[in-house]
Amino acid sequence: MRQLDAACQNADQLEAACTDAFDDHPDASVVTSFPGPASLSGARVLAGIGDDRSRFASAGSLKA
């Protein structure tokens, strides 16, 4: 039980660190303006699309 409790506490700490880092990111307000994402799911979206804004030629290519 102690190992499970420690793993749960570590997961909670990781979630807090991830959401704090995402909230400080300059694109956080853009990502969270999409329908649905909050801080944690927004961080996953940002990780998936990356920081390189020139990677997508248009909004349609980002959507695809």
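User: What makes a pair of cysteines count as a disulfide here?

Analyst: A disulfide is a pair of cysteine sulfur atoms within 2.5 Å. By this rule the count in this predicted model is zero.

User: Why is C8 called partly exposed?

Analyst: Buried means under 20% relative accessible area, exposed means over 50%, and partly exposed is in between (1.4 Å probe, protein chains only). C8 has a relative accessible area of 41%, so C8 is partly exposed. C18, at 30%, is therefore partly exposed as well.

User: Why is T19 called buried, and which residues does T19 contact?

Analyst: The relative accessibility of T19 is 15%, so T19 counts as buried. Contact means heavy atoms within 4.5 Å. With neighbours within four places in sequence left aside, T19 is in contact with S39 and L40. T19 itself is found in helix α1, residues 2–24.

User: Why does P26 count as exposed, and where does P26 lie?

Analyst: P26 has 68% relative accessibility, so P26 counts as exposed. P26 lies in the loop between α1 and α2 (28–32). The C-alpha atoms of P26 and D51 are separated by 9.8 Å, although these residues are 25 apart along the chain.

User: How many helices and strands does the protein chain have, and what counts as each?

Analyst: Helices (H or I, at least four residues) and strands (E, at least two) are DSSP runs, numbered from the N terminus. The protein chain has four helices and zero strands, giving the pattern α-α-α-α along the sequence.

User: How does the radius of gyration of the protein chain stand against that of a compact globule?

Analyst: The radius is taken over C-alpha atoms, and the globule rule is 2.2 Å times the number of residues to the power 0.38. For 64 residues a compact globule would be near 11 Å, but the protein chain has 15 Å. The C-alpha trace spans about 50 × 20 × 20 Å along its principal axes. Buried residues make up 14% of the 64 residues.

User: What conventions apply to these values?

Analyst: Residues are numbered from 1 along each chain as its sequence is written, and side-chain values use heavy atoms, with hydrogens and water left out. As this is a predicted model, local features need pLDDT of at least 70 and side-chain atom pairs count only at pLDDT 80 or more, whereas totals for chains, interfaces and linings use all residues.
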